[in-house]
Structure formats: C-alpha cells, structure tokens
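Okay, thanks for coming, everyone. Let me put the structure up, and then I'll walk you through a few spots in it.

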Amino acid sequence: MPDSESAGTVAISKRKVSCLQCRTRKVKCDGHSPCLRCVKRQESCTYGAPGKVGRPAKNSVVNKYTRNQFKQDRRQRPQFYTDIIFETLSYTIHSDTKYMSANPNMTMGGYLQMFFTGSQGPIMQLAQARMAIAIPSIPDIVMGDLTDLQIWLGMEVVNVIVHRASRLRLSHFQYYDAMSAAAFLDLAFKYVCESMPMPLRFNPLSGLDQDEAVRLIDLFFTISPHAFLLNKTLVMQGFWMDTIEPLLLSTILGTADYFGRLLRGEPVRLWGATDPRDRNVYLEYSYSLLNESLAVASFAKFQASVLLGLFDTTFGLPKRGMGALALSVMLARSLGVFDGTFQGELSDVEDELIRTAFWCTFNATTRGCVDHGHLPDFSALLHNFVFPPCNVEQSKSYALERSNGHTRGQKHYEYIYESFYVNSVICKFTNLILREFPEVEHNMFRGATPKRTARCPEPHDLQIRINTVLESFKKCIDDLRHTWSPLQLFMIESAYRLFTIHMAMMKPVQPLPPCENFGNSMFDVFVKDYTLDPQEIVPVLPKVYLLLDEMLEYAALTIGDEHPPQHIMATIVDTALDAMMRAPPGAVQHNYFLVLDTLLNKIDHLWVQFDSISEVRQKLQTYLERQKINDALLGSASAASLSPMTASMHTASIHTPESQPDFSVQEQLGMAAFFDPLAVNWVDAAALQVPVDMRLLLSPAPSAVSSTFDVVRDLTPVPDDFFLNVTEINGSDAPTPQSDVASADPSYMLDQIDLSQPPINLSLSFDHHHTFSSL
C-alpha cells in the first residue's frame, strides 16, 4: 500500500471471534470493537487472547454428536440422529439477558417467595367467600387424550361467564370455583397453604444419558399438549451444542416424562400430579433452578416458566403453577414483551415463539379471572398484540422445523395448533368483556400503581358496553374469517353467538357492594334474586335457531371427523334447549325441538366418549315426554265442554295445531323437506329447492297470522300485486281459500301441487336457510 494511503486513519478489521461479554451471555457478536451489544449495554468490550477463544474440541457439538454415534450399535441407532442437519447450527438461540432487579443478588426464588407468602391471605379470603356457592368437591376430570385440551379450556371460560352472568342455565356444565372447591379437600393444604418447594440436593441433568434425553425430548414433541410453544430444531440444536437453558431442558424432560403415561393407556387428571410419587425428579429440579437462579431475565426462562405454569395449574400443584405464571409475567415485562420493545432483538421465529408464550400466559390468566372476578393490569395491553399464527402453514417456527427435517410426532398437531388460536381469540374478547365490569376494590392482580379506579365504571349501562365489545368481536370475525379453517370459523363464530345470546339474557345489575378483603368479585354486580319473563327470550330465539342451523350444517359436513368440537357443541345444544323450553311455545320451536333431538340422539359421531351430554339428553327427553302428556290431556279436554277460562288457559300454555298460522301447500311442503332427512325419497327434486326462511314463522304480534305472505307484506314494502297465490301461479282463475288448503288431507295436498312450475321463493329479501337435504 502506498505511504499516502497508509498515512490516514487505521481501520480496525472485523474480528472473527466473539467478545468475552457476548460469549458469557451466549449471544451472537458482530465482532467489532466495541461490538454493538456492548455499546447498547454501555459495557466495556474486550476480546480474549488469540488461541484461547472457542469451546474445547471435546465439547464441540460435532464431536459430541460423533462420540454418541460410536456408543451406539449401528443396528440399534435411533433414526433421530440422522435427522440432525449441521448447516442449521449457525442459527443461534437468542439468550440475551436483562436484570429484573437493581439488587444483583436477588434470585427468582425471592420473587416466588413473595408470591407464596403474599398470596396466601388473598387466596384464603377468596376461598372463604366462594365456599358457600361452590360445590363441595372437585370433579374427577379424566383425560385420556389431550388433543381437545385447548377447546376445553376455551369453553371453560365461556361456560363460567354464562354461569355467572346469564339467566339461562347450562345443565351439562358443572361449575366449580377452583379456590373454594379445593378448600373442601386435602388438596386445599397444598393449594392454599403450600410453602416453597425444597431444593434438590443433586443435579439430575449431570448424569443424564444422552439417549434418554433425546427420547424424552422427542416424546415431548409427540405427546405434550404445549409442544407448540417450542421449536424442535432450536431445542435439539441447543441440546447438542450444550447451550440450552438447563431450566428449560429440565421442564421439557419433566413434563414429557409425566405425559408419557398416555402412551401406556393411563389417563391424566385435573390436578392429578399432586402426590410426590406422581411427579418426577426433573419437575422438582425445575423449581430448584427457579429458586436458585439469579433474577436475570431471558427468553428461555420465560418459556420455561410458562411451561411449568401451564402444567401445574391444570395437572399438578395449582399454587406452584400460579407462582410460575406470575413469574412469567414479571419476566415478560422485564424483557419488553408487553411494550413490544423485544421485537427488534429477535428473529422472526423467536418473535413468534415469544408471542405464543405470551398468549399461553394470557389465556391461563383469563381462566383465573373468570373464577376470581379480578382483572390483571396487563389486559389493557391487548391492542398491542397480534394473534399467534392461525395454522401451521402460517407458522415460521413450523417452517423452520420442516426445512430441517424435524417433523412433529403428534398425530393431530394441526388441530391442536388451530384450537390454540381459537382459545386465544375467545380469551381476548372475554377479557375485553370483563374490562367493562366495575373494578373491584381489592384486586389480587393489581400492581403497586393500579391503572383502573375501584368501583368504576358504573354498571347501569353494562349491557350496552358489552354489546359494543361484541360488535368488535363480530368485526374481527368478518375481517379474518377468510384465513380460518372451517373448524376455526365454526368455533369462533359459535362462541360469538353464544355471548350475544347470553349477554342479552344478562342478570339484573346493582352497584358493587362494599367489601373489606380480596373476597370481592366483579360478578358481585349481579343481583342474586331475579326472574325471567318468557317473553324476554323471544327476541333471541332467531339467534338460537341460527346457532342450531350452523351446527347442523357443520355436523353434516364433518361426518367421520375424529375430533368434533364437542365442548362447544354441548354448550350450543344446552343453550338452545333451555331457551326454547322457557320461551312461549310456537310452531318454530316445535320443529327445532326435532332438530335438537336429531343433533343429540341421531348423529352418533358427535358425542363419542362425551359423558356430559347425557344431562342435556335427559333434559330434552323429559320435556318431550311432558309435552306428549300435555297434548293428550288437551285432546281429551277439547272433546268435553270447557269453560272459556279453562280453554283460554290451555290455549295460552300449550301450542296446538289450531293456533298455528295457515300456510300454503308449497310452504308446508318446503318446511317438511327442511326438517325431514329423508325428504329426497318422497319429495320431487324441484320442491327441495324451495328456500324456507324460518323467521317467516315468527309473528311480529301476538295476533294470529293468516299466512306467511302477510308477514312478508308487513315487513317488506313492495306493491300489492307482487304477492301471488299458489293457485294463481299454477294457472287457476279461482283462488283456493287458505283455510281449505290448510285443513286438507296430506295426500290430497300432494296430489294438488304442480311441481313442474318454478318454486316459490319464500325468502324474498331475507337470507334463506339451507334445506336439510342440501347439507
């Protein structure tokens, strides 16, 4: 180089090694002096002497992988080892750290200790306040297959809201308040009074056989209902490179070992892993690592605490699970997950995994909210968070796994992933509904600086504000429905319709009564003694019928589906049955009782191994039998002379054929085809195309309706000559009186219909219902 060119500033060339600070944190370094990470952290950037950087050869991932191969007999070597692609090893797992406390000696156990000691009083107060209204036991919920876990969790949220806010009743759902129910059992001493777990005296990971570790990791991604939280490629890469967070590895191994019993045909139970004999050393070691770890936040610790919290709140020790989830919230806040600042530090795959972990925490917290009646502060940040990917095809994490040959062993992984998305949507709008309730005075989720004013907003317009939230729910459905699968669309839209029905049937409200401890609840705003006028149900009946129509259509289109969404279907038929039984009787209800009977008793694949539906079946059977007796009594009474008062009482309480509106022959034939699955065998194909709008059967006034054409004429401003009689369409000059046609013999009616003529469109400007045979 010429002297004139070398006389300038000497540029420092980029180093090919990492600085000591980045190597300590196990993060990628750009090699500059100082590097960008040290500049951002305002730390001194130093490099080791040449020849002393880098991992010793005996610990390198290639040598570790190769040495393990030599230990295996070639005939027994697992196929899993051949799936490792070394080109991906440059994709490092982000593990940048941030301090959670100004005290460098503060440990995670210190935060857990504050939760265990600080939450004991509020939990006990909640238990005592709920004990009088909860059942005196915990239902023995047995799960032999965890494929539907996310659907069950989502519908638990909906059902609890319905139970606490609606005047309609669910017979298949047995509500238990987790706090008070646990207080009746020995579990209460672990749930309410459990102390901090004792740390283990040894490290089970140090002597772990590599084959056993690989087997358990593979088992985790095969059987765990929470495996979508992690990326299999990154986990295996971290394991072979010895860079995986021990807390995360121990949690993976512990939960996989527990769920492995499902492959042996042994079910798991709600809060079943409470006995030390049912737990394993890896689960206990995970809590030991949490206790002893310094209060330094990392994304791997965040994922591990979420996994531990999800496991123990459902399957293990609930108070430990609550503590782990509370810790995950603190970790998320320290990492910038709540304010979105974390996104600039992560890759697309890592960003997706962290958002997924957040939604898992949020969904589990929402389930606690509907139990406690307390709302956490971070629910106000929901508008900053987009939903997780709605399916595996949109998941960047899943794409990375496929590109590296790491296929998922779960048989129904796509279904689990889609149902997790459904649970997230349901929990988001449930939380937005809860935000419209008055804030309680003593909130166990509230931080040092509460963001909401106690006892506000006032409850007098609660229903109006909830309807506004439901409008945003509907807009969300309209905006995103094109991205959803038929399963997701059915479940999310059904959840929305259930909310609209039950919020219209909301209990009367009152100002929040004063309370001196954490036993208060936002649901105390509801009056305990209330009535329900049958006429109040009439406006929601069209929504109930639409809900049943959509379920009938979905059931017809998914015959043979191995995993129908039974939990949401049970709530649909239960809601419809209670509303129809308590509403004034009518012609449409009679026909939809037949639809209910079809859904409950004649479509076998919907209710396989779903015992809770027996309550709804029994309720429907009892009602139908009672109606048959009433009809028989009315028939015998009408033959004798009845006083005008007695006759009016029978007419008002029991719907008889004489009180039904008169319909044309074509209308009656269309309605018969709609409700008869065998209509294709006895009705001409042209008649099957008659669109029947069941809303035309509803009279806008209690007075008798002579024909559905009268309803259309009242509701639709069109010229009088628009409406034609059936006989006029068939070419007859003399119209037949409607009363004669309505009272005609069925065989005579069929003979008089000219099916060669174009069918009458009864729907006009309304959205018509599909006929049953078209499904």
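Let's start with Gln 609, which is found in the loop between α24 (587–601) and α25 (613–639). Helices here are DSSP runs of H or I with at least four residues, strands are runs of E with at least two, and both are numbered from the N terminus. Most residues other than glycine have a negative phi, and most peptide bonds are trans. Is Gln 609 buried or exposed? Gln 609 counts as exposed because its relative accessibility is 78%. The cut-offs, with a 1.4 Å probe and protein chains only: buried is under 20% relative accessible area, exposed is over 50%, and partly exposed is in between.

Before I go on, a word on where this comes from. This is a predicted model, where local features need pLDDT of at least 70 and side-chain atom pairs count only at pLDDT 80 or more, while totals for chains, interfaces and linings use all residues. Residues are numbered from 1 along each chain as its sequence is written, and side-chain values use heavy atoms, with hydrogens and water left out.

Now the overall picture. The protein chain has 33 helices and four strands. Of its 775 residues, 52% are buried. Contact means heavy atoms within 4.5 Å. If you take the contacts in the protein chain with a separation of 6 or more, 77% of them are between residues 24 or more positions apart.

You'll find Arg 455 in the loop between α18 and α19, and it counts as partly exposed because its relative accessibility is 30%. Pro 457 lies in the loop between α18 and α19 too, and a cis peptide bond joins Cys 456 to Pro 457, with omega about 0°. There is also a cis peptide bond between Ser 33 and Pro 34, again with omega about 0°. Pro 34 is in the loop between α2 (20–25) and α3 (36–41).

On to the aromatics. How many aromatic pairs does a search of the whole structure find? It finds 28. Rings of Phe, Tyr and Trp (its six-membered ring) pair if their centres lie within 6.5 Å; planes under 30 degrees apart are stacked, over 60 edge-to-face, and the rest tilted. Take Phe 220 and Phe 221: the ring centres are 5.1 Å apart and the planes are at 90°, so that pair is edge-to-face. Phe 220 and Phe 221 are both buried.

Then there's Phe 429 with Phe 473. Their ring centres are 4.3 Å apart and their planes are at 5°, so this pair is stacked. The pair links distant parts of the chain, with Phe 429 in helix α18 (residues 413–434) and Phe 473 in helix α19 (residues 462–480), 44 residues apart. Both Phe 429 and Phe 473 are buried.

There's a cluster as well: Phe 338, Phe 358, Trp 359, Phe 362, Phe 385, Phe 387, Tyr 421 and Trp 484 form one aromatic cluster.

Thr 366 lies in helix α16 (residues 348–372) and is buried, with a relative accessible area of 0%. Setting aside neighbours within four places in sequence, Thr 366 is in contact with Val 157, Cys 427, Thr 430 and Asn 431. Ser 328 lies in helix α15 (residues 318–335) and counts as buried at 0% relative accessibility. With neighbours within four places again left aside, Ser 328 is in contact with Phe 302, Ser 305, Val 306 and Thr 361. Ser 305 is 23 residues from Ser 328 in sequence, and their C-alphas are 5.5 Å apart in space.

Last stop, a helix pair. Helix α20 (residues 486–504) and helix α23 (residues 566–582) pack at about 30°, with their axes 10 Å apart. The axes are lines fitted to C-alpha atoms over the stretch in contact, and angles run from 0 to 180 degrees between N-to-C directions. Residues making the contact include Phe 490 and Leu 498 of α20, and Ile 568 and Thr 575 of α23.
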